[in-house]
Amino acid sequence: MPGGAFLNKSRHPLRLNVGFLLHKNVGYSRNFDFDHHTIRVGDDVDVTGLRGSIQLTRTSQGVYTQGHLQARISLDCVRCLSTFDQLLTVNLNDLFHHPPLQAGEPSLSIPEDGILDLNPLIREYLLLDIPIQPLCQADCKGFCAECGGNLNESVCEHEPVEIDPRLEALKTLLSEEE
Ligand SMILES: [Zn+2]
Ligand SMILES: [Zn+2]
């Protein structure tokens with residue numbers, strides 16, 4: 001592992017001071033390891049168990065980030081409405097320009113202070129990985145149409161909603177006799 005790993009425990013763990021890296025030769029790389037119980041990404045995305053490792057490599061254009069992170073986010077199941085933790089994954093393969101490109105094309109960059117801010121990028125990847133129809137489990141049974149009970153937690157003891165077609169025929173027969 002070139003350069004060795006660095007476990008980031010700072011207060012803003014996704015803002016990396018890469019000033020030292022900008023002074024290295026092209027090809028030099030350093031790993032940053034992440035392990036955070038709870039963390040807010042950007043201004044609004046709260047996740048737990050953010051873990052993984054990102055390799056930062058000095059290139060002629062700036063710093064290339066490559067790595068894999070995972071985290072959990074609290075979501076509501078669309079079928080049973082219970083809150084559950086969804087595992088999200090982030091795969092980084094992105095170049096941060098340094099010096100920053102001139103105005104015009106939007107790009108990731110490292111400003112003169114040498115702080116590489118991963119927040120906007122990781123926030124975007126996390127949001128992209130959130131399912132459109134979150135399910136607490138693939139085969140979530142949802143609610144009972146009759147009593148509203150959560151079918152994942154208990155099996156209903158009452159009669160099923162559907163009326164047995166044979167009973168239906170008998171009812172018709174009985175009502176004709178009246
Ligand atoms: Zn569910
Ligand atoms: Zn029921």
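Two strands are taken to pair if DSSP finds at least two bridges between them, and the close-up views below apply this to a predicted model.

**View 1. Strand 5 and strand 6 pair in the antiparallel sense.** The pairing of strand 5 (62-76) with strand 6 (83-97) extends over 15 bridges. Within this pairing, L75 stands opposite F84, which belongs to strand 6. The two strands form a hairpin, with six residues between strand 5 and strand 6.

View 2. Most residues other than glycine have a negative phi. L81 counts as exposed because it has 11 C-beta neighbours inside 10 Å, where the cut-off for an exposed residue is 12 or fewer.

**View 3. Strand 4 and strand 5 run antiparallel.** Strand 4, which covers residues 45-59, is joined to strand 5 by ten bridges.

**View 4. A cis peptide bond from H98 to P99.** The peptide bond that leads from H98 to P99 is cis, its omega being near 0°. Most peptide bonds, by contrast, are trans. P99 lies in the loop that runs between strand 6 (83-97) and strand 7 (115-117).

Notes: Residues numbered from 1 in each chain as written. Chains lettered and ligands numbered in written order. Predicted model: local features only at pLDDT ≥ 70, side-chain atom pairs only at ≥ 80, totals over all residues. Helix = DSSP H or I, 4+ residues; strand = E, 2+ residues; numbered from the N terminus. Buried ≥ 20, exposed ≤ 12 C-beta atoms within 10 Å, placed from the backbone.
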